[in-house]
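Have the viewer open as you read.

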Amino acid sequence: AAMVLVIAFSAAVIFARGFKGRFPSASVKVASYLANRDAGSFGRVGSCFVTESSRSAVLDNDQCLRTVEGKRNYLLIGDSLAGALWSGLSSSLPDDHVLLASVSNCKPFVHPAGSADCKKEMDYIFQTYLPAHTIQALLLEGRWKPENMSDLTETIEWAKQHQLPVIVFGPVPEYDAPLPRLLAYSIAWHEPDLANRHRVASRGVVDAQMQSLAASTWHVPYISLYQAICNGEDCVEYADAAHEIPLMNDIGHLNEFGSALVVRRLIDRGELR
């Protein structure tokens, strides 16, 4: 807890002009990727961003979710983790068209328990959009917790009843402080395992639980993002060979570089094609 406090309390140190000289340039460069999110957008539906002003038009309008003729069309739905995964899928699978419907803190369930915006979007997807459009598969991604498994099972059963193939993506690693900050301190303090020590153990447990359910109960393809990133206790923390770009800009969302790297790893492993 003390280490977390030090890291949280020192967040601004790396950026304060008077302190930059105290940190190696490599630390400053890695820390520059710390999340600076656009607070005005809290999701994306196809080509449209969900903002306070656009939400009523976007959340139930298939103008944003146009399929492309001549390509395999997939629909990825979920929360902000789905949005992070979409970046890599859309850039790394040129023969496919991956549509996205993501709303912050919104699990991709046929009966969601989230906000009014979440319910509106998922009701639209399951009740209106999917019955009217042909897609090759429904892709599900979210910040999964053990208590989500019954709702996820129900959603997979709904898809099977509607002859709709499903692919479930599992959790990504998560940290108890933003990854760029942990990596910046690991460089400055010469502690290469610092980020690894701050990895949240429960994400790996949920991944194993979901892998088991996919084989025993769901009988659908399960893609372990966790295992694409982590090999035992050794997890990829950078998106580039030079170790200058962190995989994430915060505690648990792949950035565009990390998303592209993970999808390429999945393709290389034969799990996506």
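## Buried rings

A residue counts as buried when its relative accessible area is under 20%. This is a predicted model, and in it Phe-23 comes out at 13%, so Phe-23 is buried. Tyr-185 has a relative accessibility of 3%, so that residue is buried too.

## How Phe-23 and Tyr-185 pair up

The count of aromatic pairs comes to six. In one of them, the ring centres of Phe-23 and Tyr-185 are 5.9 Å apart and the planes sit at 80 degrees; planes over 60 degrees apart count as edge-to-face, so that's what this pair is.

Phe-23 comes from the loop between α1 (2-9) and α2 (25-31), while Tyr-185 belongs to helix α7 (residues 179-188), so the pair ties together parts that are 162 residues apart in sequence.

## A tilted tyrosine pair

Tyr-124 and Tyr-129 also form an aromatic pair, this one tilted, with 6.3 Å from centre to centre and 50 degrees between the planes. Tyr-124 is buried at 10% relative accessible area, and Tyr-129 is buried at 0%.

## Where α4 meets α11

Now for the helices: α4 (residues 80-92) packs on α11 (residues 256-268) at an angle of about 60 degrees, and their axes are 7 Å apart. That angle makes α4 oblique to α11, and their crossing is right-handed.

On the α4 side, the contact residues include Leu-85, Gly-88 and Leu-89; among those they meet in α11 are Ala-260, Val-263 and Arg-264. The residues of this contact split into six nonpolar, five polar and two charged.

Technical notes: Residues are numbered from 1 along each chain as its sequence is written. This is a predicted model: local features need pLDDT of at least 70, side-chain atom pairs count only at pLDDT 80 or more; totals for chains, interfaces and linings use all residues. Side-chain values use heavy atoms; hydrogens and water are left out. Axes are lines fitted to C-alpha atoms, for helices over the stretch in contact, and angles run from 0 to 180 degrees between N-to-C directions. Helices (H or I, at least four residues) and strands (E, at least two) are DSSP runs, numbered from the N terminus. Angles under 35 degrees count as roughly parallel, over 145 as roughly antiparallel, 65 to 115 as roughly perpendicular and the rest as oblique. A crossing is left-handed if the near helix is turned anticlockwise from the far one by less than a right angle, and right-handed if clockwise. Contact means heavy atoms within 4.5 Å. Ala, Val, Leu, Ile, Met, Phe, Trp, Tyr, Cys and Pro count as nonpolar, Asp, Glu, Lys and Arg as charged, and the others, Gly among them, as polar. Rings of Phe, Tyr and Trp (its six-membered ring) pair if their centres lie within 6.5 Å; planes under 30 degrees apart count as stacked, over 60 as edge-to-face and the rest as tilted. Buried means under 20% relative accessible area, exposed over 50%, partly exposed in between (1.4 Å probe, protein chains only).
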